[in-house]
Amino acid sequence: MVRLKINGIDCFYGSIKVLENIAFSVEGGEIVGILGPNGSGKTTLLKSISRILKPKVGTVLLDDVDIYVMKAIDLAKNLAVVPQDTNVTFDFTALDLVLMGRNPYIGLLERETEKDLAIAKKAMELTNIWHLVDRKVSELSGGERQRVVIARALAQEPRVLLLDEPTSHLDINYQIEIMDLLKELCKERKLIILAVFHDFNLAARYCDSAILLNEGRIVFIGPIDTVLTDENIEKVFHINAIVKRHPITNSLYVVPLCTSELKSVQPRALKVHMISGGGTGASLMRILLEHGYKISAGVLNVLDTDYEVACTLGIPVVSDAPFSSITEEAHKANLNKIVNANVVILSDAPFGRGNLKNLGAAMMALEKGITTIVVEEKPIQERDFTGGYAQASYMELRRRGAIFVESYDQILPILEELEDKQEIVRKV
Amino acid sequence: MNKTKDLIHNGRIIQPYKVMNMEQKIIVIAVIMILIAGITGVAIWQLSQTPEKPTGPISVIDDANRNVTIISYPPERIVSLAPSCTEILFALGLGDKVVGVDTYSDYPEEAKNIEKVGSYAAINIEGVLGLEPDLVLATGGIQLTVVEALEEPLGEIGGAIVVLYPKNVTGVFENIKMVGKITGKIDEANELVANMESRIQEVIDKTEDAPRPRVYVEFYFNGGYRSYGSESMVNEMIYKAGGINIFAGFAGKHLSTSDEAILSANPEVIIISKGAMAESCGLTPDVIKSREGWDQLSAVKNDRIYEIDEAILVRGGPRIVDAIEELAILIHPELFS
Amino acid sequence: MKHEEVNYFKRFKRWKMIIIFLIFALAFAISLSVAVGQMQISLSNTWEIIIKNIPFLGDFVNNGFSKTEEVIIMSVRLPRAIAAVIVGAALAVAGVVLQGLFRNPMADPYLLGISSGAALGAAVAIGFGIRISLAGIFDSIQLMAFAGALITVFAVYNIAKKGPKVPMLTVLLAGIAVTSFLSAMISVIMITLGESLHSLIFWLFGTLNGIKWSDVMVSLPLVMIGLFVIMIFSRQLNIMLLGEDEAQRLGVDTERLKKIMLIFATLITATVVSISGIIGFIGLVVPHITRNLVGPDHRILMPASALAGAIIVVLCDMMARIAIQPAEAPVGVLTAFFGAPFFLYLLRKKKGMGV
């Protein structure tokens, strides 16, 4: 099985150190992602492994042979590189270009044989570009050109494949197709695939393990789910993101949050509790969060969109199982949350027998003297599936002093007013 | 040794660059020096070769140090590749035997009607061979490449090529005599030379005792002013005509000079050598008078700016005598009335 | 699916046909050039003369021609035609090499300072009236021009070298800088030249006037060796077009390739410049014309360019001899005069330089 070992290398551009003490080992059958912000040295690492930039310290060993001692041609039979883009200024056809991948196997005075053609053809069929065989590369689209370059790399029959953002120019369908192909080839032929990714989700989906670089050093290395974590992403990329496992594909995916607004906002004193459902509270949750308010939410059932948003945003939520009424437990927990809040907002969710208790919670809030805002963008009549009970509750809420607003925009000014008043009377 | 120390850094092994070490550098320098020495040596050896004495019926050593045998003697068909050669041929009465001349051969009149074969280094070799000459006269310097190209093929059809490249007045006399020898016009040649010598001597006698005015001859300007140096025949001719070239101390044939040099030399006589080059830049006495600061020159103040036909001045042929006589009249008008 | 496979290998046959066609065209051009000139020599005489001078065959021909005619054909026109072939082939291939190495369609063989180095050598030889000859074969202008060219390129190469690597961009810039410097020096010499200025200018424009068999004998092996070595690396030059990094990754020893290509391209260019002066346009344009017609694969581009360049120079030299009889036009003027419009025509027709 092929083995690539990087032994503590340092790489320099002139006198500037770009990589420091990079060390890791990969074996055939693995797809390893190389991740990191711009300037962290990802491309430099690929260059040092492909014999373009010799490390001043340390060695790169392929099957225990120093690649800088090998002849270029021997390395080319084992290692192929797919660069970010290729510029061809002369009129070669796609087939010509793919056949160049066979160079390591063709002697100086020899020419291409039928075997070379067959291998090139196979590579082009795998990457779905055989129909472009006679087309000039300069006339192809970016995506087609990229697939030509990938086919050329495959034609080298390598045991190690290095890719620098292999799918950046491709349409989504080709992205998946190519990555699936690479994954299949990797497993089948026990290749080592080292790929630089900017797209986390792609890396998350296809890589077995990953190397996270920052400022020329390895920050983290290991299986993909240990590398792609909220903390690592925060530490290296300085953004807030959530890493979750996708319910359908079971692969990780990364959801970045808008960091700039969150960070620059002063946290406010007011605590808000949202009673919502059916997706009606989602945007408001986000807006309030961006304005610095602390939020809690409930009761939401776990299949509700608002629940998912709340989880994503990190908002404490009282949740309950779907397809059943709100349990007494959940209701009590909800009330607890309400008691600790300064304001309660009731969005214009649809009400049915299942979530009636939420209306009751709103009434409780008013009884306790907590400011309650009721949003009625869509009139209650259209949302009442309780046979009139909800409408009645709304009238009661009005009577007890809830603030009714007709659109969500009106909420923020009200909150600000409240905040000013609260400056004098603080509630812990 | 330093090498080991550099190989280990922070406990990890470094790969050093491969640079030429001292030995290799020395070898390269040595090889280059040997090559230079070799080439110089060969060059010196070549230059030091003295030609053997002429052999055979009629042979001459020409001005390019070539030992030439005149295969067809006397030559009936002659081609001239330079105006000076043409004039010598006609002066010796060989005009009717001349079948080809260069484009600049315009004297005497009959020469203008003879078939042209190019000029300078752009001689049409095929054209020359096509005329099936027994003798070709060429000049030296740049025309030598043509001479080399013509030698062999000309020899195959029974012709010979002789180079006339006089360095001084005596050289012109020798050229005339040599042409006489190879064309069977020895008497005519001797007579012509004697005539020329006596006319020149007459001029020398007349002007010898008079003070020598400073003379400046210009043939072209383009930024700098072009004049003649000590190795040019013009220099000698000025002296023989009773003047002194202001650039007599400048080694070289031609030179390019400036206002400062002229003004500090303060020539008493300025002569324009009127030829194709002077015409191309519009060089006339008026132009000279109008030059900034030149009104201070003795020559300009005394209105002693003249023109002379360049052809008689620079062609190393029989008319240099005319040139010397004319120069004398211009330089010493008081002696020739 | 067999169709595409057969298609691909057909190209090798196609290439052979192109080469054979070009060889015939060249033979025709040479015959034309040899048969035409200031002196009217009949076609039959021309053929007889040539055949007579081929060993063994010579005896089968009767002598219907004059000695003069024979001398003109054999000692003037034939060596000139063959020299034209050598010059055209060398310049065209050198142009292909430099365009490939620099990946720049504007590159020509004189980029590295060869032309100004040779010109300086010639200017010094002409200007200072240096007369040395080596073994009675070379003359000083040739030697100095050759030496000037080689020394210049050597200097440019070493200026640009960084450790074991030679970055092509630096070579290009160094070449341009050195060329400017040498041109200035040549101008200085030109100012001091008097009548010989005319001759230097003529030489600078390029001319095959005065070519002797000895010139051919010396330049032929040098150029043939150079062409041979260069063409061996044709396929690798294809790959160099992708860029040095990518070529290296595909197993090409780029430093060795650059060195060999530069050395031999310089050698063949310096050789022909020393016998013919600076003939422009061929090295720049012939590669494009050929690339337009046969494609970018150097395995056909090199030999086709060599033959095309040869044909063009042979024909231009022929015209140089007869265009303004009895004077000679400098061949370099003619190559530009006829080459430029033809090239422009190709550009319009094909909408691009194959770039």
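User: Thanks! What is the mean pLDDT of chain C?

Analyst: Good place to begin, since this is a predicted model. Chain C has a mean pLDDT of 85, and 90% of its residues reach 70 or more. For the model, the scores are ipTM 0.82 and pTM 0.77.

User: And what should I do where pLDDT is low?

Analyst: Where it is low, the predicted coordinates should not be read in detail.

User: Got it. While we're on chain C, how many residues does helix 12 have, and how far does it reach?

Analyst: Helix 12 of chain C covers residues 282-294, which is 13 residues. From its first C-alpha to its last it reaches 17 Å, close to the 18 Å expected at 1.5 Å a residue.

User: Is that helix enclosed or open, and why?

Analyst: Helix 12 of chain C is largely enclosed by the rest of the structure, because eleven of its 13 residues are buried. Among them are Ile282(C), Leu284(C), Pro287(C), His288(C) and Arg291(C).

User: What follows the helix?

Analyst: Gly295(C) comes after helix 12 of chain C, and its phi is positive, near 100°.

User: Let's switch to chain A. Which domains does it have?

Analyst: The domain assignment gives domain 1 (3-249) and domain 2 (259-424) in chain A. Their C-alpha centres lie 50 Å apart.

User: What is the strand order of the six-stranded sheet there?

Analyst: The order is 6-7-8-3-9-10 in chain A, in an open sheet with mixed pairing. Strand 6 (79-82) and strand 10 (217-223) of chain A are at the edges; each has a single partner strand, so one side of each is left without a neighbour in the sheet. On average, neighbouring strands of this sheet are turned by 15° against each other, ignoring direction.

User: Do strands 6 and 7 of chain A run parallel or antiparallel?

Analyst: They run parallel, and four bridges join strand 6 to strand 7 (residues 160-164) of chain A. For example, Val82(A) has Leu163(A) in strand 7 of chain A as its bridge partner.

User: Which helix packs on those two strands?

Analyst: Helix 5 (residues 142-155) of chain A packs on the sheet and touches strand 6 and strand 7 of chain A. Its direction makes about 175° with that of strand 6 of chain A. Helix 1 (residues 42-49) of chain A lies across several strands, including strand 3 (30-35) and strand 7, and runs at about 150° to strand 7 of chain A.

User: Nice. Now chain B: how many helices and strands?

Analyst: Chain B has 14 helices and 16 strands. Of its 337 residues, 45% count as buried.

User: Which way do the residues of strand 9 in chain B point?

Analyst: Leu135(B) and Leu137(B) point one way from strand 9 (residues 135-138) of chain B, while Val136(B) and Ala138(B) point the other way, and all are buried. Strand 9 of chain B pairs in the parallel sense with strand 10 (residues 160-163) of chain B over four bridges, with Leu135(B) opposite Ala160(B). Three bridges also join strand 9 of chain B to strand 5 (residues 78-80) of chain B, again parallel, and there Val79(B) stands opposite Val136(B).

User: Last one: where is Glu325(B), and what is it in contact with?

Analyst: Glu325(B) is in helix 14 (residues 320-331) of chain B. Leaving aside neighbours within four places in sequence, Glu325(B) is in contact with Arg199(B) and Val203(B). Glu325(B) counts as partly exposed, because it has 17 C-beta neighbours inside 10 Å.

Definitions and conventions
Residues numbered from 1 in each chain as written. Chains lettered and ligands numbered in written order. Predicted model: local features only at pLDDT ≥ 70, side-chain atom pairs only at ≥ 80, totals over all residues. Domains from an automatic or database assignment. Buried ≥ 20, exposed ≤ 12 C-beta atoms within 10 Å, placed from the backbone. Pairing = 2+ DSSP bridges. Axes fitted to C-alpha atoms, helices over the stretch in contact; angles between N-to-C directions. Contact = placed C-beta atoms within 7 Å. pLDDT = per-residue confidence, 0-100. Expected span 1.5 Å × (residues − 1).
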